[in-house]
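Thanks for coming, everyone. Let me put the model up, and then we'll go through it piece by piece.

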Amino acid sequence: MAEIPSHMKAWMYYDYGSFTDVLKFETKTSTVPQVKDDQVLVKVVAAALNPVDTLRMMGFFKATDSPLPTIPGYDVAGVVVKVGPQVKQLKEGDEVYGNINEKPLEDTKQIGSLAEYTAVEEKLLGLKPKNLSFPEAAGLPLAIETAYQGLERCGPLDGKFFLFWEVLVGLELLSFRHYYGPLLISSCYYANSFSLHFLRRYVDPSLSRLAKHVFGASRVAATCSTGKLEFLKSLGVDLAIDYTKENFEDLPKKFDVVFDGVGQCDKAVKAVEEGGESRFNNR
């Protein structure tokens with residue numbers, strides 16, 4: 001295992017505000033974090049930005065936030081390079097992924113995942129599946145947690161026809177190769193101001209697959225634009241609805257459960273079968 005440096009490169013902000021105004025790339029100012037007894041030190045290969053990162057950066061959680069300056073980032077995928085004395089399962093060299101903050105809105109870490117190294121409690125990490133790349137793994141933790149929690153609100157879906165919309169989320173892979181090797185960030189934001197290399201992807205496989213394979217829905221419907229219909233079907237969606245050509249609430253076939261990720265409750269109510277229910281994701 002390579003020697004761990006004393007300082008690292010990282011994205012940081014010293015005051016609250018828009019990420020285009022306050023987020024800075026630092027090459028020498030940040031100290032590599034020391035691991036606590038139950039933590040491991042992860043050399044970051046990929047990290048992900050989520051809506052909560054923007055809200056935190058804008059100061060919405062300052063009452064419970066860690067002190068400034070802050071290195072943002074919740075989701076991470078990387079390689080364990082050091083372990084604390086109480087760590088039982090993980091070892092140096094393990095490829096891991098996870099959400100580094102157990103409580104997203106309080107006690108958040110001052111040193112997040114948008115750095116070369118981050119310290120994480122062992123219980124918050126899992127071994128990275130071998131069939132996933134590091135960027136793919138980094139994009140999972142908070143997204144799949146959110147999807148699972150949303151589906152829990154819907155209750156058992158056994159045998160039900162389930163509809164959800166706002167299915168495809170644009171992600172930008174921001175390459176840091178110009179700065180320090182293969183560190184990638186999967187970002188939910190259009191961040192052209194970063195002046196980095198972009199690769200656009202559209203993903204959200206978790207909700208449809210969880211609805212079927214974990215919560216038991218018999219059929220899943222979802223909305224998207226014309227160009228994404230085939231991709232949506234590849235995620236296991238039974239009925240892909242082109243919202244540019246038809247309104248799902250006007251379809252003759254109604255749905256047992258409707259999950260609204262947008263906040264258009266009037267449409268959701270119209271789309272529900274008599275005796276069915278709608279659920280809303282408060283973001």
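Is Lys253 buried, partly exposed or exposed? Keep in mind that this is a predicted model. Lys253 has 47% relative accessibility. Exposed would need over 50%, and buried would need under 20%. So Lys253 counts as partly exposed. Where is Lys253? In the loop between β13 (239–242) and β14 (255–260). Val272 is 19 residues away from Lys253 in sequence. In space, C-alpha to C-alpha, those two are 9.2 Å apart.

Now to the core. The largest nonpolar core has 31 residues. Which of them touch the most other members? Val40, Ile71 and Leu125 do. Five elements deserve a look here. β1 (7–12), α1 (19–22), β3, β4 (75–83) and β6 (117–121) are the elements that give two or more residues to this core. β3 supplies the largest share, six residues.

Next, the loops, starting with Asn50. Asn50 lies in the loop between β3 (39–49) and α2 (51–57). Its relative accessibility is 9%, so Asn50 counts as buried. Asp75 is 25 residues from Asn50 along the chain. Their C-alpha atoms are separated by 8.3 Å.

On to a peptide bond. Most residues other than glycine have a negative phi, and most peptide bonds are trans. Which geometry does the bond from Leu68 to Pro69 have, cis or trans? It is cis, with omega near -5°. Pro69 itself is in the loop between α2 and β4.

Now Lys128. Lys128 is in the loop between β7 (125–127) and α3 (134–138). Is Lys128 buried or exposed? Its relative accessible area is 9%, and the cut-off for buried is under 20%, so Lys128 is buried. What does its charged end sit over? The ring of Phe134, at 4.9 Å from the ring centre.

Ala77 is 51 residues away in sequence, yet the C-alpha atoms of Lys128 and Ala77 are separated by 7.5 Å. Asp94 is 34 residues from Lys128 along the chain, with 8.4 Å between the C-alpha atoms. Asp94 is found in the loop between β4 and β5 (95–99). At 10% relative accessibility, Asp94 counts as buried.

There is another charge over a ring. The charged end of Arg219 sits over the ring of Phe161. The distance to the ring centre is 4.4 Å.

Staying with rings: how many aromatic pairs does the structure hold? Four. Take Tyr13 and Tyr16 as one case. Their ring centres are 6.4 Å apart and their planes meet at 50°, so this pair is tilted. Why tilted, and neither stacked nor edge-to-face? Because stacked needs planes under 30 degrees apart and edge-to-face needs over 60. Both Tyr13 and Tyr16 are buried.

Last item, a pocket. Rolling a probe the size of a water molecule over the atoms shows where empty space is left. The second largest pocket has a volume of about 430 Å³. How many residues line it? The lining has 22 residues. Lys36, Gln39, Lys109, Gln110 and Ile111 lie nearest the centre of this pocket. What is the make-up of the lining? Eight nonpolar, six polar and eight charged.

That's the tour. Over to you for questions.

Terms used:
Residues numbered from 1 in each chain as written. Predicted model: local features only at pLDDT ≥ 70, side-chain atom pairs only at ≥ 80, totals over all residues. Heavy atoms only, no water. 1 Å grid on protein atoms, 1.4 Å probe; cavity = no way out; pocket = protein on both sides within 12 Å on 5 of 7 lines; lining within 4 Å. Points joined across faces, edges and corners; volume = space filled by probe spheres on them. Nonpolar A, V, L, I, M, F, W, Y, C, P; charged D, E, K, R; others polar. Phe/Tyr/Trp six-rings, centres within 6.5 Å; stacked < 30°, edge-to-face > 60°. Buried < 20%, exposed > 50% of the residue type's maximum accessible area, 1.4 Å probe, protein only. Lys NZ or Arg CZ within 6 Å of the ring centre and 35° of its normal. Helix = DSSP H or I, 4+ residues; strand = E, 2+ residues; numbered from the N terminus. Core = buried A, V, L, I, M, F, W, Y, C linked by side-chain atoms within 4.5 Å.
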